[in-house]
Amino acid sequence: RATLQVLIVNMSFAFIQRVVDEVTPERTDPLTLKVDLKVHSNQDLVASLETIKQELESRKTCDVERVRKQLKHIDAELDEGKDISPLSLEHLELFQQFLARLDLPSLPEKERKHAEQLGKKLEKKTKEHPLAGLPRSGDTVDNPDGISYLKVPINRRRQMAVTLYLNLLTGPSLTIVSLVVLWYFVPYFTYVLLAYAGYTVIDNAIRPMPCKKRIIQKWRKSNFFKLFVDYYPIRIVRSDRTEDKKVKADNFDAKRHYLFCYHPHGVGSVGAFSFSSAAAGVDEMFPGLSFSLQTLTFNFNFPVTRDNLICLGLGDASKKCLTNIFTADPGDSAVLVTGGAKESMYAHPGDSTVVLKTRMGFAKLALTHGVSLVPVWGFGENNVYENLAKHSPTIQSVQRKLIKVLSFAPLLVAGRGVFSYGGGLVPHRRPITCVVGKPIHLKKEESFSDERLKEVHQQYMDSLTELFDTYKDIYDPRAEPIRFV
């Protein structure tokens, strides 16, 4: 029966993919070479060799200062004495792959020796990792059609179960099914649903947004969210980690308010969601700060899901909600995915499109309240789903029209299944690294000119670009250059 269900899901997504392909022009991936040595022509082989030579030459002309900063960053991440959350095997492998791509002979002697030392340290840590030698997930880029029923560690099954509930594309459906089953089998459950609906309406009308009094710290710190973070896995890192303690303390002072702006939106903004719980180590990484992730107002009307969001301290991304945060206790901060529904339409592996050119509201709010702007890039956020409409202008045109009506993007995406690695609505297991940039401290300005607003906006975009360019080669080397629209 389970096998039949997997086959049905895979066939359904295969059909959708075929329909999408029919209205999509042919495209090739310039980053991937697919050559059959026994079939392709000599001309194809020569062209492939030339492409490889060009890539090797480009690696010899690296930015030494940037490489130096990247090596220091990896060294700091490997330092167990300063580590807040243990490194996953996936992130250790990202570091190893980065070092393997460096052209060591072309580096200055100091950087070359540093890279060699890091390579030895990484090899040792990988062998000593608690999960080393245990069965690994087959959900990889090189195995898109695999199936796994047996020999899966129970902890990975728990991670899958939690992700099914918290995932945007599967959680609401499971909630509705559960409520329907209870309504069908439990006597008088109709009255429970009616009472809950009435409570929701009244609560949404009188509850402040966000509601700090209803945050449950034990729930934030529960193993439930640790399973979710470990599913991908998700890691949050500070770009100022290599600096001294005084500088780091000044950067994130608990007496100030901060607006963490997260990019890219992706399908579900799972990297941003990791700021709402303690599972990724934000409490220890930013002592004295409290985070309120901003989401759609609609989510606070959805049964059960709304209660989880309220217990985590989420807000509705409104101006009033953000103003409440920035005028409350010192240290209260917000996490805002500035790109919104429009940016989610660009979610696809390798894509780095940011909807920000004309979005000034976040900068205006920061200037009004003297809030520090913090750029955050979630490397790998766009890699957990394939966007089936990515190259189809026709489907994207329909989606844009629906956004105006629904306030969210009706995406056509493919991930994996519960037991299959291809075709499904469950996100792929891909490492996501949320790199937090240095804050842009702003003074409170009750009135300011358009030129001042544009200046702050441009300063933020430049800071985000620098953050992306510095850490892309480590955490998402296949990502395209950042593009603002």
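1. Burial. Buried denotes a relative accessible area under 20%, exposed one over 50%, and partly exposed the range in between, with a 1.4 Å probe and protein chains only. By this scale Cys62 is partly exposed, at a relative accessible area of 27%, whereas Cys211 is buried, at 11%. Of the 485 residues in the chain, 46% are buried.

2. Basis. The model is predicted: local features need pLDDT of at least 70, side-chain atom pairs count only at pLDDT 80 or more, and totals for chains, interfaces and linings use all residues. Residues are numbered from 1 along each chain as its sequence is written, and side-chain values use heavy atoms, with hydrogens and water left out.

3. Cysteines. The structure contains zero disulfides, a disulfide being a pair of cysteine sulfur atoms within 2.5 Å. For Cys211, the closest cysteine sulfur belongs to Cys311 and lies 9.8 Å away, which is too far for a bond.

4. Overall dimensions. The C-alpha trace spans about 70 × 60 × 45 Å along its principal axes.

5. Contacts. Among contacts in the chain (heavy atoms within 4.5 Å) with a separation of 6 or more, 79% join residues 24 or more positions apart.

6. Secondary structure. The chain has 19 helices and 10 strands, taken as DSSP runs: H or I of at least four residues for helices, E of at least two for strands.
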